[in-house]
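Thanks for coming. Please have the sequence and the structure open while I talk.

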Amino acid sequence: MTGERTRDGALEQLKREGRIVVVGASLAGLRAAETMRDKGFTGSLTMIGDEPYEPYDRPPLSKQVLLGNAVADHTALPRRRAIDADWRLGVPATGLDMAARRVRLGNGDEVEYDRLLIATGVRARPWPNPEEAELEGVFVLRTRDDGEGLQRALAAGPRRVLVIGAGFTGSEIASACRERGLNVTVAERGEAPLVGALGAVIGRVAAEMHREHEVDLRTGVMVTALEGDPAGRVRAAQLSDGSSVEADVVVVSLGAQRNTEWLAGSGLGAGPRGIACDAGCRAFDVRGIVTDDIFVAGDVARSPHALFGYQFLSLEHWGNAVAQADTAAHNMLSESADRRPHLWVPAFWSSQFGVNIKSVGVPPMGTEIIVTQGSLSERRFAAVYGYQGRVIAAVTFDNCRWLPFYEHQIESTAPFPPPFSTVDRRPEGNKPVPADFPDPSVPTHGPTITLSGYSPADRKMTFTPGR
């Protein structure tokens with residue numbers, strides 16, 4: 001017994017030493033590094049980030065920053081503790097040698113590791129025509145620099161802003177424009193805003209909010225081209241229905257791309273849908289074999305979730321990044337018997353047109369929806385999504401006090417439709433109706449959750465990029 005305790009203690013000490021490299025110096029990377037130091041890691045810690053800034057908070061960029069209520073360089077994430085790290089900022093990772101345990105950097109350097117955490121997140125999907133994307137006045141919104149540039153453009157008082165895509169980010173941008181008193185047109189390929197994330201039943205409520213706030217909402221159309229003037233400034237957009245929109249600011253909000261290209265040829269199970277990992281955040285290689293020294297966390301991770309049929313989920317959520325980073329950091333320092341799974345229930349929030357929108361669970365998995373509190377017409381309600389006879393998700397508009405209750409319903413695999421009756425349910429909530437999500441084979445703007453099947457290295461997968 002004494003020998004076993006000695007051996008276990010030596011292994012535990014070994015886990016708290018050595019070289020750990022974190023690729024991705026944002027929310028997930030920072031929180032993981034803090035957790036490692038909290039848990040007694042005393043070895044060397046290297047933080048690699050492609051942006052020149054230390055970790056900052058992204059949600060305020062589409063909210064407070066665009067309204068001029070905050071400045072982009074004041075969005076730094078609060079530190080829970082010092083992490084004593086070697087920061088390599090402004091230099092992207094360009095390759096991974098799994099055999100030699102080295103990360104290659106864009107400046108030619110190589111960083112050796114004993115354990116690696118990949119938290120490279122996502123980037124905004126650019127406008128597909130590079131020449132049109134370079135026109136002055138064309139923006140995306142993901143980084144601190146993006147937020148700063150777009151805020152200046154809006155503060156200058158453009159005659160009209162065109163937002164391409166009505167997902168959460170696009171809708172928040174449109175809301176900020178109207179709050180600033182700017183004319184704004186939103187072009188959305190789907191039948192309504194938020195349709196890819198919350199379905200058409202809720203999307204129709206979102207569409208009413210846009211139009212009541214005097215947004216020129218164009219649905220069922222695509223922007224086919226952007227036009228510039230002789231000085232290289234954007235001046236108009238051509239739409240698929242033959243119409244055109246004159247605009248001197250265009251914001252491309254077509255969802256996100258996961259930052260995995262630098263892993264091409266590395267042997268890791270990485271692709272457009274993210275990096276496949278097990279429930280303990282350990283990455284898979286291209287053969288579907290789990291690694292033991294490479295971990296993944298945050299938006300770039302694709303992991304199975306027991307509550308959702310062991311589907312591999314990619315979750316673009318602030319809370320998920322924090323929780324998964326904590327799990328990954330714990331498991332990186334633990335022996336197999338002490339490791340734990342990442343089972344965070346997805347949650348999301350958005351504020352637009354004066355309404356607080358929050359959700360828990362995975363709405364796009366829902367096939368039916370029922371309003372359980374309030375009323376869609378009043379824009380104050382709770383609605384529950386069902387899948388195969390169980391509660392799979394819930395969304396609220398200005399009614400978030402019910403979300404903890406529904407989170408418990410999801411965790412306990414409660415039956416759908418919910419058997420209980422509530423005092424403030426309206427007639428429209430008497431029975432479930434189809435949730436009316438678009439065909440999943442057709443990408444929609446701004447999804448917050450990707451359901452990507454069971455296989456961590458599915459070579460039959462076809463990826464169709466959004467526009």
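This is a predicted model: local features need pLDDT of at least 70, side-chain atom pairs count only at pLDDT 80 or more; totals for chains, interfaces and linings use all residues.

β4 pairs with β5, residues 102–105, through four bridges, in the antiparallel sense. If you want a specific contact to find on the screen, take D97: its bridge partner in β5 is R102.

Next, the sheet that contains β13. It is an open sheet of three strands in the order β13-β14-β15, and the pairing is antiparallel. The edge positions belong to β13, residues 223–228, and β15, residues 244–246. Each has a single partner strand, so one side of each has no neighbour in the sheet. From one strand to the next, the twist averages 20°.

Here too we can pick out a pair. β14, residues 234–239, is joined to β15 by three bridges, again antiparallel. Within β15, E246 is the bridge partner of A236.

Now the helix, α7. It covers residues 318–332, which is 15 residues. From its first C-alpha to its last it reaches 21 Å, close to the 21 Å expected at 1.5 Å a residue. Is α7 enclosed by the rest of the structure or open to the outside? Eleven of its 15 residues are buried, so α7 is largely enclosed by the rest of the structure. The buried residues include N320, A321 and V322, and also H330, N331 and M332 towards the end of the list.

Last, the single residue, D285. Where does D285 lie? It sits in the loop between β20, residues 282–284, and β21, residues 290–296. Is D285 buried or exposed? Its relative accessible area is 7%, and the cut-off for buried is under 20%, so D285 counts as buried.

D285 also shows how sequence and space can be compared. D285 and M98 are 187 residues apart in sequence, while their C-alpha atoms are 9.8 Å apart in space.

That is the end of my part.

Methods. Residues are numbered from 1 along each chain as its sequence is written. Side-chain values use heavy atoms; hydrogens and water are left out. Helices (H or I, at least four residues) and strands (E, at least two) are DSSP runs, numbered from the N terminus. Buried means under 20% relative accessible area, exposed over 50%, partly exposed in between (1.4 Å probe, protein chains only). Two strands pair if DSSP finds at least two bridges between them. Axes are lines fitted to C-alpha atoms, for helices over the stretch in contact, and angles run from 0 to 180 degrees between N-to-C directions. The expected span of a helix is 1.5 Å times one less than its number of residues.
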